[in-house]
Amino acid sequence: MPLRAPALASLMAALLAVAADGQDRVLLLVSGGPEAYRRAEAGVRAALAARGSSIEVQVVPAEDAQAALAGKPDAVVAVGAKAAEVAQRAGARPLVYAMVLDPRALGLPAPGDPAQPAVSGVSMEVAAARQFETFRRLLPAARIIGVLHDPAVSGPAVRSAAAAARSQGLDLRAVPVRDEGEVLVQARLLLPQVDAVWAMADPVVLTPANARALILLSLRSGKPVLAISDGFVRSGALAALSADPEAVGRRAGEVALSLLDAPPGRALPAEPPPRVSLSINVATAKNLSLVLSPEILREADGVYPRSTP
Amino acid sequence: MNRLAVRIVLPFALVLLATCGLAAWTLGRSVRQGALADLRERTSLLAQGLARSAELPMLAGDSAALGELLEEAGRDPDVLDVTVVDAAGRRVAGLGKPEAPRRGRTATVLVLEEPVRTASALDPEGSAFALDGGAATPERPLGQLRLLVSLARTEARVHALEKQIGLAGIALLALCAAIGWATVRLVGRPLRQLVEATERITAGDLAVRVAASSTDEVGTLGRAFNRMAEDLAAERSELERRVEARTVELRRAQETLVQTEKLSAVGQLVAGVAHELNNPLTVVLGYAGLLVEKTKEEETRRKLQTVLQEAQRSQKIVQNLLAFARRQPPARTEADLNDAVARTVALRAYQLRSEKIRLETDLQPDLPRTWADFQQLQQVILNLVVNAEQAIQECGRGSRIVVRTRAASGAIRIEVEDDGPGIPESARTRLFEPFFSTKDVGKGTGLGLSICWGLVSEHGGTIEVDSALNRFSRFTVVLPIQARPAGEAAEAKPQAALPAHPATPRRRVLVVDDDRAVLQFVGDVLERSRAEVHPVQGGREAIACLARGEAYDVVLCDLRMPDLDGSAVFRYLCAHRPELEERVVFATGDLANETSATFLEGTGRPVLAKPFDVDALRALVEQVERV
């Protein structure tokens, strides 16, 4: 009789608990989805592998997390929002998250938040100040940056971002939206008033459909979009500063090892991404008649399109 | 298939075939055009959608996204290839199928080209929600999308539909053919039966009938046909009955005509014979009478008496023959034939009662009178009644005689019917011949019916005979109803009376005859009556005597003489000796001759019918002597 995956995971966890006595068992929960999660998973595994045989890593899809969590692992690393949500709801400790766009929405600490016992993580969020600094270099003539956001979700972040923008001599014009359907309406109203659009990490605004529409509207109106991930840049955003998934995963693995090594209940603050990648779409720049400096192009980790269309 | 089926079903089938064919062709064409239009519209929408979706990847140079987009489009089974080229015509993305397959002469590929554009600025008036081209203006070309669509599946669907349409058409044709066949069977079979029945009726079989149980038009037609056949049968039966009746009437008329002709010929013969017998019989009668008077010896007297009786018997026979053959007009009055019947029945009533025979009368009360000789017709009725009476008596069978009168169709019918032995078929055609009799020898002369025939013929009528052996005999006298001619007196003209003439002691009598024996006999008789007889032989001699101016008290003149007949003598006498005109007495046996009878009736002079005996001659001479 074939064993189903959850049952198999439970069985393996039980066997490991008995047979590998003295080893730390780390449950690696991985959300399904973008390739970035795979890269982050690889980073986690690489970090844990550095400890050698004293660490037993169990990789389980987020969908099968319940059974694996029942095996009482010594630590849980959750890659992606789905895995983090399941582990948080299960009360898994110690818990380290990675590749979670909005940890606060899951009750997890974000960088800059007070540390919680046995809970930590590595955020994808690049500091707004750094983003605006990069944007400033990309678009020296830009003065007004527009942003759409759900105040209930991203209100504090926008407020801090506005301050960061001002420090760069930019005016962040924030337009609140209440739901997904309001995004394009507000975008049409916003675009004529701004020099560029900042697509911040707001789950209400940046749905897949809205993201593409927002980029297209911006291009039609001659306004570049500054995004938060490499994928947006491939789809037409001018540029993005995004966390390196592998580096995020590696750092998350290291944090997990730190929590295993530390006394139970130790609190470690959440960390920003250890490495930030710059992506630039030169085709978009060309369409928008933007001339990018050679220096920043050299700094870029990814230039799109990779072959000249 | 019969003609009706050909005339009805074949045109219907041809029209139906043409209609179905046209409908199938039109429908197939419509289906093909519709399917192609649908495909074109669908793929056009697909191309437009792809072109719109390609806008962002083209702007972003995202060939991967463009490739995913085209691969997504390529999942459409009708899409053979999608290629996107940039504004310079360089291939940006595609499914890798640059050439579309072709099959046969028909292009199986639909090529759609759709420009990929983008807006250079937002239209402030555009819809805030729209992302399509209408919301962006003016547009800037980014490239071209070329969509190759296979028509194979559409063609296959169209072919399948055409096949289904064709099958449906064939099924419809088959259904209509079945309906047509059934209709022809339903309508044609009764009609064939009608045709066959009509042919049989034409061939004379009026008993044929057709089945007509249905309530539709065919059933109605069948019932009408049956009624027509019944009517035809009834009419043919009636016609046959009429023909048979007419044939019987015609046969009777023919028989009557033959009988009439035969009797007419017999009458002429009889008249001639009687005339030839008249003169010798007159002499025999006369001298036998004279000898009887003169003879004293008893034995001789007895023998002479026998001669006289036989001569008188011969005289009666000759008179009867003349009565049968005579054509002299009857003495007519407006006769009541019911009265004639009543009087005749009264004559025979007592005799018949004594013979246990019932004599019944059935007389039409309002029987019209007719211009006829009452006495003669009474004689006819009496003769027929006596015949019936004798027939019943002779065979001892029957007890009833009925005399009827009826008026119909312008004629009076007097029927004398008895329930006696009937008349054999062989005897019916000879009943009216003189001397033909079915009675026992000595019971009749065989002249009764002949005389009746003659009398009735004189009235323009006829006598019909109907009989069935051992059942009945019926003689019907048919007399045309005749009105009294204008100028005729209601009663018969009285017999001409001899003019008064003073008697002389010795009368002179001029006797004119061509027969010497008759002259001798008349002279002997009149000489014995103290008359002075001046006999002359023939008309010329008589005229010569008259021309000499001799006076006569009586001129007894024969009518038929070889040189000059009595009429010539009479005309001479009227012209030259008018004082003797009313002294003329004609003696003739030629009363049956119509010319003679007419002449005699016109003179009004008395006639001494030959053969006459001594008493008749003396009586007439005495009558003349008293004048």
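Biologist: How many helices and strands are there in chain A?

Modeller: This is a predicted model. Chain A has 309 residues, and 53% of them are buried. Its secondary structure comes to 14 strands and twelve helices.

Biologist: What share of the contacts in chain A with a separation of 6 or more comes from residues 24 or more positions apart?

Modeller: The accessible surface of chain A is about 13,200 Å², with 55% of that belonging to carbon and sulfur atoms. For contacts with a separation of 6 or more, the share from residues 24 or more positions apart is 69%.

Biologist: Which residues of helix 5 of chain A are buried, and how wide an arc do they cover?

Modeller: Helix 5 spans residues 128–138 of chain A. Its buried residues are A:Ala128, A:Gln131, A:Phe132, A:Thr134, A:Phe135 and A:Leu138. They sit on the same side of helix 5 of chain A, because the arc they cover around the axis is only 160°.

Biologist: Which side chain of opposite charge is nearest to A:Asp150?

Modeller: A:Asp150 lies in the loop between strand 7 and helix 6 of chain A. Leaving aside neighbours within four places in sequence, its contacts include A:Gly155, A:Val177 and A:Asp202. A:Asp150 is buried but has no salt bridge. A salt bridge needs a distance within 4 Å, and at 4.9 Å away the nearest side chain of opposite charge is A:Arg178.

Biologist: How many of the residues of chain B count as buried?

Modeller: Chain B has 15 helices and 16 strands. Its accessible surface comes to about 33,700 Å². Of its 627 residues, the buried share is 42%.

Biologist: Which residues does the face of helix 14 of chain B turned away from its buried side carry?

Modeller: The buried residues of helix 14 of chain B are B:Ser596, B:Ala597, B:Phe599, B:Leu600 and B:Thr603. Their arc around the axis is only 165°, so they share one side of helix 14 of chain B. They pack against helix 13, strand 15 and strand 16 of chain B. The face turned away from that buried side carries the exposed residues B:Thr595 and B:Gly602.

Biologist: Which residue follows helix 14 of chain B, and what is its phi near?

Modeller: The residue is B:Gly604. Its phi is positive, near 75°.

Biologist: How many disulfides does a search of the whole structure find?

Modeller: Take B:Cys20, which is buried at 11% relative accessibility. The closest cysteine sulfur, in B:Cys176, is 6.0 Å from its own sulfur, so the pair is too far apart for a bond. Over all chains, the number of disulfides found is zero.

Biologist: How far apart in sequence are the parts that B:Arg348 and B:Glu389 tie together?

Modeller: B:Arg348 forms a salt bridge with B:Glu389, with the closest N and O atoms 2.8 Å apart. B:Arg348 is in helix 7 of chain B and B:Glu389 in helix 8 of chain B, so the parts tied together are separated in sequence by 41 residues.

Biologist: Where do B:Asp339 and B:Arg343 both lie?

Modeller: B:Asp339 and B:Arg343 form a salt bridge, the closest N and O atoms being 3.4 Å apart. B:Asp339 is partly exposed at 27%, and B:Arg343 is partly exposed at 45%. They are four residues apart, about one turn, and both lie in helix 7 of chain B.

Biologist: How many salt bridges does a search of the whole structure find?

Modeller: One links B:Glu360 with B:Arg358, where the closest N and O atoms are 2.4 Å apart. Others form a network that includes B:Asp362, B:Arg404 and B:Glu415. Over all chains, the salt bridges found number 48.

How values were computed. Residues are numbered from 1 along each chain as its sequence is written. Chains are lettered from A and ligands numbered from 1 in the order in which they are written. This is a predicted model: local features need pLDDT of at least 70, side-chain atom pairs count only at pLDDT 80 or more; totals for chains, interfaces and linings use all residues. Side-chain values use heavy atoms; hydrogens and water are left out. Helices (H or I, at least four residues) and strands (E, at least two) are DSSP runs, numbered from the N terminus. Buried means under 20% relative accessible area, exposed over 50%, partly exposed in between (1.4 Å probe, protein chains only). Lys and Arg count as positive and Asp and Glu as negative; His and the chain ends are not counted. Contact means heavy atoms within 4.5 Å. A disulfide is a pair of cysteine sulfur atoms within 2.5 Å. Accessible areas come from the Shrake-Rupley method with a 1.4 Å probe; for residues, only the protein chains shown count as cover. The arc is that of the directions from the helix axis to the C-beta atoms.
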